[in-house]
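Dear colleague,

The notes follow directly after it.

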Amino acid sequence: MADCLFCSIVAGDIPADVVLSTDTVVAFRDIEPQAPTHVLVIPKVHYENIGALGAEDPALAGHLADAARQVAEADGIGDAYRLVFNTGAGAGQSVFHVHGHVLGGRDLTWPPG
Ligand code: 5GP
Ligand code: ZN
């Protein structure tokens, strides 16, 4: 999709610290990490948010969850990590290409802010 930051990362037009790439999914480290592990997992095709992805391609949503698991295990936090999909500007979404935040490596409090 034109003018989408994460589509540009998928295309290789904007550099990223990629930690996993499959036929359908890419994972790369967040540019402003909020935890020792902070990786974004995204589908290569553009969906606006996790709701749209889950409704239109639930198998791909599953691939995203499995990619998050692989990323967490590779970073040694497979036993304790958080997978967050901010959905909508009011919930903190700022990039409108669905992405799961894989967070871990420190104590994570609940409820989130
Ligand atoms: P959101 O606020 O939409 O849930 O998350 C967007 C995330 O993308 C933020 O955590 C932000 O730090 C990250 N981000 C924004 N621009 C870039 C970029 O150019 N490269 C990378 N790797 N992460 C980015
Ligand atoms: Zn996109």
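Helices (H or I, at least four residues) and strands (E, at least two) are DSSP runs, numbered from the N terminus. On that basis, α1 (5-11) and β2 (25-29) each supply at least two residues of the shell around ligand 1.

This is a predicted model, in which local features need pLDDT of at least 70 and side-chain atom pairs count only at pLDDT 80 or more, while totals for chains, interfaces and linings use all residues. Residues are numbered from 1 along each chain as its sequence is written, chains are lettered from A and ligands numbered from 1 in the order in which they are written, and side-chain values use heavy atoms, with hydrogens and water left out.

Around ligand 1 there are 15 residues (a heavy atom within 4 Å of the molecule), of which D30, N86, G92, S94 and H101 come nearest. As for polar contacts (pairs of N or O atoms within 3.5 Å), an oxygen atom of ligand 1 lies 2.8 Å from a polar backbone atom of G92, and a backbone N or O atom of V95 is 3.0 Å from an oxygen atom of ligand 1. H101 instead places a polar side-chain atom 2.8 Å from a ligand 1 oxygen atom.

The whole structure holds one aromatic pair (ring centres within 6.5 Å). F6 and F28 form this pair, with 5.3 Å centre to centre and 80 degrees between the planes, which makes it edge-to-face (over 60 degrees). Because F6 lies in helix α1 and F28 in strand β2, the pair ties together parts that are 22 residues apart in sequence.

Best regards

Key
A polar contact is a pair of N or O atoms within 3.5 Å; within protein, one must be able to donate a hydrogen and the other to accept it, and residues adjacent in sequence count only if both atoms are side-chain atoms. Rings of Phe, Tyr and Trp (its six-membered ring) pair if their centres lie within 6.5 Å; planes under 30 degrees apart count as stacked, over 60 as edge-to-face and the rest as tilted.
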